[in-house]
Amino acid sequence: MNHMKYRNHRGNTLPILLGATAVLAVLAVTGFEMLPSWKGRGAVMELRTDSEVVHVGDTLTLEIVVDASLPVNVFAGELGFDDSVVHIQSIDYNTSIADLWAEKPWYENGSGTMNFGGGTTHRGGFTGTGSLLTITLRAVGTGNASLTLHDARILKYDGLGTDVPQQPSIDTVLSVLPKEEVAPQSTTVAITTTDAPSPDLNGDGKITFADRGILILNLFSNDPRFDLNQDGKVNSEDLNAF
């Protein structure tokens, strides 16, 4: 995959279209042949994303897709985007549709535009549905970003450079939310509490040698009242616990 960046200046769509015309001049040699009648059919260019809601810092894929029901061989246009919300990270222009570019896709994030113009040298042109460009976007700010195609052009594979009429592109709206905060995992510790016998064995509110004497008299008994360490036995360990 080749990812290349080129600087862009607003208002430079015309050179791209002129470049596309130059591409057409090359392609016309192979494009002039007897073709079946495609009257009543056409071709469209549209945007498709793999997600419409992302978080700041996320990346997403944007495709410029061509759907053609008649042979076509030249493609040009401009992508507009809100550079305060998304930036272009990379572009893959090595697709099955276009193999000859008047100018490789170039962009400048600060201007919010990306221009492109290219075509196919394949005999018979292109028909069907396929990806012209695959663009990786990175979300850099919160808000809604409109992704729009401007001045989209598709030329017929007829050796004459005939434009296929294009309908206005429908904007793709991308919503970018604040960066997700990962909540720390909480650890729950189960604590079991039981009421241990009181060392105040005679119940006078004081712990004295009298209580110690009572415990000694009940060593090795099975009475839980004297099992001070709660190990199920009344023995010297309870005397130590006292």
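I looked up the side chain of Ser111 and found a polar contact of 3.1 Å to the side chain of Thr113. By polar contact I mean a pair of N or O atoms within 3.5 Å; within protein, one must be able to donate a hydrogen and the other to accept it, and residues adjacent in sequence count only if both atoms are side-chain atoms. Ser111 sits in the loop between strand S5 (100-108) and strand S6 (113-119). Helices (H or I, at least four residues) and strands (E, at least two) are DSSP runs, numbered from the N terminus. I list Ser111 as buried because its relative accessibility is 17%; buried is under 20% relative accessible area, exposed over 50%, partly exposed in between (1.4 Å probe, protein chains only).

The model is a predicted one: local features need pLDDT of at least 70, side-chain atom pairs count only at pLDDT 80 or more, and totals for chains, interfaces and linings use all residues. Residues are numbered from 1 along each chain as its sequence is written, and side-chain values use heavy atoms, with hydrogens and water left out.

Next, the core. I noted 38 residues in the largest nonpolar core, where Ile64, Met114 and Leu132 have the most contacts inside it. Such a core is a set of buried Ala, Val, Leu, Ile, Met, Phe, Trp, Tyr and Cys residues joined through side-chain atoms within 4.5 Å. Among the elements that give two or more residues to this core are strand S1 (43-49), strand S3 (59-80), strand S7 (126-139) and strand S9 (172-177). S3 gives the largest share, 9 residues.

I then listed contacts (heavy atoms within 4.5 Å) for Met114. Leaving out residues up to four places away in sequence, Met114 touches residues including Ile64, Phe81, Ile88, Trp106 and Leu133.

I searched for aromatic pairs (ring centres within 6.5 Å for Phe, Tyr and Trp, the last by its six-membered ring; planes under 30 degrees apart are stacked, over 60 edge-to-face, the rest tilted). The structure holds 1. Tyr93 is buried at 5% relative accessible area, and Trp101 is buried at 16% relative accessibility.

I checked Asp151 in strand S8. Its phi is near 50°, a positive value in a residue other than glycine. Asp151 is partly exposed, at 48% relative accessibility.

Last, I went to Arg225, in the loop between helix H2 (209-217) and helix H3 (236-241). Arg225 is exposed, with 55% relative accessibility. Its C-alpha atom is 9.1 Å from that of Pro199, 26 residues apart along the chain.
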